[in-house]
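Subject: Structure handover

Hello,

Here is the structure I promised. Please look it over, then read my notes below.

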Amino acid sequence: MDFLNTIFTFPTVVFTTLLLIVIGFWLIALLGFADIDMLEGDVEIEADGGGDSIMQMGFGGVPLTISISLVVLLSWIASFYAHQLFAYALGDGVMFYLLGGAMMLGCFVVSIPLTAMLVRPLRRFFDSKETASKNDFIGLECVIATSKVSPHFGQAKVQFQGTEQLIEVRSEEEGMFSLGDTGLLIEHDVAKNSYLIVEKPW
């Protein structure tokens with residue numbers, strides 16, 4: 001009873017709600033009505049120095065749905081135990097919500113680096129076929145999966161050996177490509193692990 005009281009009381013109830021949504025998503029995915037890659041593509045974080053995407057947070061290499069699920073789960077676990085240990089210090093009234101909100105934010109912040117560490121060993125399960133060289137994609141057509149492609153941002157889907165893979169792409173100019181357009185992969189940037197694309201000449 002104390003367990004239920006904790007998970008359905010602020011601030012832990014916020015993460016409990018998110019966790020139920022995550023569980024619902026994975027049940028739907030298991031039934032085949034959702035794709036675990038459904039959030040890939042249009043997530044971009046602008047950062048000083050031209051940061052490319054949310055991959056800078058250490059979540060690269062696995063579907064974003066997995067990273068988000070782990071963040072929610074770890075936040076929920078941290079919030080549950082923090083709630084159990086420090087419930088007496090939350091006070092009443094306005095202070096209860098202020099301190100509870102601070103606790104919730106702290107749990108979320110702590111969960112991010114923990115998630116980054118957990119997804120690291122999972123990356124090998126989502127890598128492209130190990131037998132495939134990066135240069136094998138050169139000359140293939142790709143379909144843009146983001147709202148735009150720029151010199152610093154962009155993703156596209158490419159068909160290779162019977163499978164569809166999501167790759168990082170870049171263009172020399174912004175505005176040449178939008179969601180659903182087709183481009184041609186002409187060069188691989190090893191440092192950025194991305195491909196330069198151009199418009200098809202035919």
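Pro11 sits in the loop between α1 (2-7) and α2 (12-30). The peptide bond from Phe10 to Pro11 is cis, and its omega is near 5°. Helices here are DSSP runs of H or I with at least four residues, strands are runs of E with at least two, and both are numbered from the N terminus.

A word on the source: this is a predicted model, where local features need pLDDT of at least 70, side-chain atom pairs count only at pLDDT 80 or more, and totals for chains, interfaces and linings use all residues. Residues are numbered from 1 along each chain as its sequence is written, and side-chain values use heavy atoms, with hydrogens and water left out.

Now the strands. Two strands pair if DSSP finds at least two bridges between them. β1 (residues 141-144) pairs with β4 in the antiparallel sense, over three bridges. β4 and β5 also run antiparallel, joined by six bridges.

Next, the turn. Asn193 lies in the loop between β4 (182-189) and β5 (194-199). The hairpin of these two strands has four residues between them. Asn193 is not glycine, yet its phi is positive, near 50°.

Best regards
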